[in-house]
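Colleague: I have a model open and would like to go through it. Can you take my questions as they come?

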Amino acid sequence: MIPRASRICLILTAFLLGFIARHLLDQLPLSHQASTPSTSSLHSNDLTFNADTPSSNSNSNSNSNPKSNSSNPERVNAAFVILLQDKDLHNMRKTMRMLESTFNHRYGYPYVFLNNVPFTEHFKTHIRAMTTSDVKFGVVPEEHWSYPAHINQTRAALARKEMEARNVAYGESESYRHMCRYESGFIFHHELVQDYDYYWRVEPGVSFSCDLDFDPFLIMKTKKLKYGFTIALPEFVNTIPTLWENVRQFMKSHPEHISKRNSLEWISYDKGETYNNCHFWSNFEILDLSFFRSKAYTDFFNLLDQAGGFFYERWGDAPVHSIAAALMLQRREIRFFNEIGYRHEMYEHCPESPSLQLKCACDPKDNVDWAQFSCLRRFLET
Ligand SMILES: Nc1nc2c(ncn2[C@@H]2O[C@H](COP(=O)(O)OP(=O)(O)OP(=O)(O)O)[C@@H](O)[C@H]2O)c(=O)[nH]1
Ligand SMILES: [Mg+2]
C-alpha cells in the first residue's frame with residue numbers, strides 16, 4: 001500500500017512531466033513539424049493539424065535590428081513586392097501597418113514598390129515612414145508595359161469595347177491588361193526583384209489578421225516550396241475563353257516541362273480536356289522566383305503571350321500563375337498558408353482552429369475556405 005502523500009506526489013509528478021513534454025513539443029523546430037499536409041492525406045480534416053503548425057518555434061526572433069543580416073542569420077533572401085500607384089498611398093500604409101505589426105517588425109524583410117510611372121517624393125516619404133526595413137522604389141520598363149509588335153491594337157480595342165458591353169470585370173480597361181501581363185511574365189525579372197530568391201506579393205488595401213510567430217519565407221526555403229497561397233477561387237469564365245486551348249497546346253509541345261507529380265486534377269475534372277477555372281487568388285502569393293524565372297515558366301508565358309489573350313481577351317495573372325504551378329510543379333511544392341489570416345475585398349481567409357483563433361483578429365464566419373465555390377477543398381484533396 002503506497003502512502004497517501006506519496007500517491008499525491010506521484011500524480012503531481014506525472015502531471016508535471018506531461019506538461020513539460022507538451023511544452024517541449026511546441027518548441028520543436030520547423031523541420032521536425034509537419035507544416036504542409038502530406039500528399040497522402042490531404043483532406044480538410046488535416047487543417048486542424050496543419051493549422052496548429054508551425055507554432056512558436058526557434059525560428060521566430062525578436063531582432064532589435066532587423067536590417068542587419070548578421071544579427072538575423074536565418075533571414076531568407078526575400079522581399080515584399082508591390083505593384084501600385086501614387087493614389088494607393090493610404091491603403092498601402094494601412095496594409096503595411098498590419099504587415100509590420102503581425103510579422104515584419106520581427107524579421108525586417110525589405111519592400112520593393114513598382115509603378116509604371118515614377119512615384120512622387122511625397123509617396124516615397126510616406127511609405128518609408130511605415131517601416132524600419134529597406135524600401136526600394138522602381139519603375140517598370142516601358143517595353144514590359146506596352147503592346148508587343150505582334151498585337152493588333154485595333155483588334156484589342158474592339159475586344160475591350162465588346163467586353164465592356166458584356167459587363168466583363170475590367171473588360172474595358174487597357175491598363176488592367178498591361179498590369180496582368182506584367183504580373184504574369186515580367187515582374188520576376190525587374191532589376192530590383194532580381195536580387196531576391198523569394199517574394200511575397202502584397203496589394204494596397206489588403207488586410208492581415210493573424211500574428212505570425214514564424215517566417216513563411218523560411219518555410220518556403222526549408223521545405224523547398226515553390227508557391228504559397230491563402231485563397232483559391234474560380235476565375236470569371238468570360239475573361240479566358242481560349243486560355244485553356246493554349247495551355248493544351250503548351251502541354252503538347254512541351255511535355256518535358258510537365259511535372260510527373262502535378263496537380264492537373266485540381267484544375268480539370270476530365271484529365272485536362274477542359275479547365276474548371278480554379279486558381280490561386282494571386283493578390284496574395286509567396287513564390288520561389290527561380291521557378292518563375294525558369295525556362296519552363298518562360299516557355300509557358302511566351303506561348304500565352306504570342307497567342308495574344310492578355311489583350312484580345314482579359315487573361316489574369318492568377319490563372320496564368322496557377323495553371324503553371326499546377327502543371328509544372330509537384331503537388332507537394334505548393335502550400336496552403338492556413339496560418340495567415342488574409343482579406344482582399346470581397347473574400348477572406350480566416351483560420352478556424354481554436355489555437356489560431358487566439359492569434360487572429362478575424363471572424364471565422366467570414367472564412368471563404370469552405371464556401372461552395374471555393375477551390376480549396378479540391379486542392380487539399382488532390
Ligand atoms: N502601377 C500600377 N499598378 C496597377 C495598375 N493597375 C493595377 N495595379 C496594381 O496591380 C495589382 C492588381 O490590381 P487591382 O486593381 O488590385 O486588381 P484586382 O485585385 O483584380 O481587383 P480589385 O482589387 O478588386 O480592384 C494591385 O497591386 C494594383 O495596385 C496600374 O495601372 N499601374
Ligand atoms: Mg486587388
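This is a predicted model: local features need pLDDT of at least 70, side-chain atom pairs count only at pLDDT 80 or more; totals for chains, interfaces and linings use all residues.

Colleague: Sheet first. How many strands, and in what order?

Modeller: There are 7 strands in an open sheet, ordered E3-E2-E1-E4-E9-E6-E10, and the pairing is mixed.

Colleague: Which strands stand at the edges?

Modeller: Strand E3 (135–139) and strand E10 (334–336). Each has a single partner strand, so one side of each has no neighbour in the sheet. From one strand to the next, the twist averages 20 degrees.

Colleague: And E4 with E9, parallel or antiparallel?

Modeller: Antiparallel: E4 (residues 198–201) and E9 (residues 285–288) pair over 4 bridges.

Colleague: Now ligand 1. Which residues come nearest?

Modeller: Leu-84, Asn-115, Ser-175, Met-179 and Glu-203, out of 13 residues around ligand 1.

Colleague: Which helix gives the most to that shell?

Modeller: Helix H6 (residues 174–185), with 3 residues.

Colleague: How many of the shell residues are nonpolar, polar and charged?

Modeller: The shell around ligand 1 has 5 nonpolar, 5 polar and 3 charged residues.

Colleague: Different topic. Where is Phe-236 found?

Modeller: Phe-236 lies in the loop that runs between strand E7 (232–234) and helix H8 (243–253).

Colleague: Why does Phe-236 count as partly exposed?

Modeller: Because Phe-236 has 15 other C-beta atoms within 10 Å, and buried would take 20 or more, exposed 12 or fewer.

Colleague: How far apart are Phe-236 and Trp-315?

Modeller: They are 79 residues apart in sequence, and their C-alpha atoms are 9.8 Å apart in space.

Notes:
Residues are numbered from 1 along each chain as its sequence is written. Chains are lettered from A and ligands numbered from 1 in the order in which they are written. Two strands pair if DSSP finds at least two bridges between them. Helices (H or I, at least four residues) and strands (E, at least two) are DSSP runs, numbered from the N terminus. Axes are lines fitted to C-alpha atoms, for helices over the stretch in contact, and angles run from 0 to 180 degrees between N-to-C directions. A residue is near a molecule or strand if its C-beta atom, placed from the backbone, lies within 6 Å of it. Ala, Val, Leu, Ile, Met, Phe, Trp, Tyr, Cys and Pro count as nonpolar, Asp, Glu, Lys and Arg as charged, and the others, Gly among them, as polar.
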